[in-house]
Amino acid sequence: MEKVTDNVFVETKVRGSNPAYVVTSDGTVVIDTPQLPTRAVAMRKEVESWGPVRYVINTEHHVDHIFGNYYFRGAGTVVHHQGVYDNFMTVYPELDPFEYAREALPDDPGGEELFPDRDEYYRDPNKGQVVFTGDLTLRVGNHTFNLLHTPGHTPGQIAVHVPEERVVFTGDTIFNDCQTWLMTSDVDEWLRSLDRIRSLDVDHVVPGHGPVTTLGYVNKQRAILMEWKSAVADAIAQGWSREETIERVNFADRFPVDVGQEYMMDYIQSLNAGSLYDKLIAVPAKVY
Ligand SMILES: [Zn+2]
């Protein structure tokens, strides 16, 4: 795994999110778990070689950030936001998350033998033992882990700020140089959460997808969200139907999809445009 600072390690080049860990004077802390079974097992081994796992923190409830929790059963206390606990594994209501996890297996030779059957998985997917709302601070050895509620991409989204390493792990609040998944997101909340991240004093930003970056990228992510939103608002202003909007509003040429998920490009474009259309055209229950 890539070394970001003396105590921070992250994997950004494998299918799935960017799982990471921090080495402290009193054990290790994992932030998001690999989706691919062999990677999850290998990461656990690597992390435990530095010391026992104290906590496994998840930044959100999507498959690619939490499926690997299954392979960390018995290793540390799982910590995540109430919103992660409540929506565990659900990517999009129509998508079967367990099948979606299985779909990645061709990218993981050896993964099949480690892949649980459905019942076995759901018996203990290793969900949160510490479940919180708002923010939470964990102190482990000489390190501080500020778990900041940064909703938008998902309701239970958090960023993990480790001031001693001058690092923030943003989860999918930042997609660096790859396609942004909006889906069930609240874009306005997301923009406010980017402001919160922008206010931190850090040198390294570990995104949910794509290479490690710096705080400067926050403004780019903000521009991407605003572009999507204004393009769909424009479509509605032109009187385009939902289908026309999906057909015409498209940012596929902007970035590739994150590693291993290239085949999802059309799905991302249609769902981003469609979900924004539904949100922007809806009339709030009370308008004064
Ligand atoms: Zn996500």
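This is a predicted model: local features need pLDDT of at least 70, side-chain atom pairs count only at pLDDT 80 or more; totals for chains, interfaces and linings use all residues.
Visitor: Before we start, what do buried, exposed and partly exposed mean here?

Guide: Buried means under 20% relative accessible area, exposed means over 50%, and partly exposed is in between, using a 1.4 Å probe and protein chains only. Take Met 183: with a relative accessibility of 4%, it counts as buried. Residues are numbered from 1 along each chain as its sequence is written, and side-chain values use heavy atoms, with hydrogens and water left out.

Visitor: Where does Met 183 lie?

Guide: First, the naming: helices (H or I, at least four residues) and strands (E, at least two) are DSSP runs, numbered from the N terminus. Met 183 lies in the loop between β11 and α7. Its phi is near 45°, a positive value in a residue other than glycine.

Visitor: Which residues hold the zinc ion?

Guide: The general idea is to look for donors, meaning N, O and S atoms within 2.8 Å of the metal (3.2 Å for Na, K and Ca); water is not among the atoms, so sites may look incomplete. Here the protein donors are Glu 60 (OE), His 62 (ND1), His 153 (NE2) and Asp 172 (OD), lying 2.1 to 2.2 Å from the zinc ion. Along the chain, they follow the spacing E-x1-H-x90-H-x18-D. Glu 60 is in the loop between β5 (53–57) and α2, while Asp 172 is in strand β11, so this pair, 112 residues apart, links distant parts of the chain.

Visitor: Are Glu 60 and Asp 172 buried or exposed?

Guide: Glu 60 is buried, and so is Asp 172.

Visitor: Why is the arrangement around the zinc ion called irregular?

Guide: You check the angles between donors. Four donors count as tetrahedral if all angles lie between 85 and 135 degrees; four count as square planar and six as octahedral if opposite donors are over 155 degrees apart and all others between 65 and 115; anything else is irregular. The 4 donor atoms here subtend angles of 73 to 170°, which makes the arrangement irregular.

Visitor: How many cavities of 30 Å³ or more are there?

Guide: On a 1 Å grid over the protein atoms alone, a cavity is a set of points where a 1.4 Å probe fits but cannot get out, and lining residues have an atom within 4 Å of a point. Grid points are joined across faces, edges and corners, and a volume is the space filled by probe spheres set on the points. By this rule there are 3 cavities of 30 Å³ or more.

Visitor: Which residues lie nearest the centre of the largest cavity?

Guide: Asp 64, Tyr 100, Trp 181, His 209 and Gln 261, out of 14 lining residues. The elements giving two or more residues to this lining are α2 (63–66) and β11 (167–175).

Visitor: How do the residues of that lining divide?

Guide: Ala, Val, Leu, Ile, Met, Phe, Trp, Tyr, Cys and Pro count as nonpolar, Asp, Glu, Lys and Arg as charged, and the others, Gly among them, as polar. The lining of the largest cavity has 6 nonpolar, 4 polar and 4 charged residues.

Visitor: Where does the largest cavity lie?

Guide: Domain bounds come from an automatic or database domain assignment. Domain 1 (2–217) and domain 2 (224–281) both give residues to the lining, so the largest cavity lies between them. The second largest cavity also has lining residues from both domains, so it lies between them too. Among the residues lining the second largest cavity are Cys 178, Ile 224, Trp 228 and Arg 254.

Visitor: How far apart in space are Asp 258 and Thr 12?

Guide: They are 9.6 Å apart, C-alpha to C-alpha, and 246 residues apart in sequence. Asp 258 lies in the loop between α9 (242–248) and α10 (265–281), and is buried, with a relative accessible area of 11%.

Technical notes
On a 1 Å grid over the protein atoms alone, a cavity is a set of points where a 1.4 Å probe fits but cannot get out, and a pocket is an open set with protein on both sides within 12 Å along at least five of seven lines; lining residues have an atom within 4 Å of a point.
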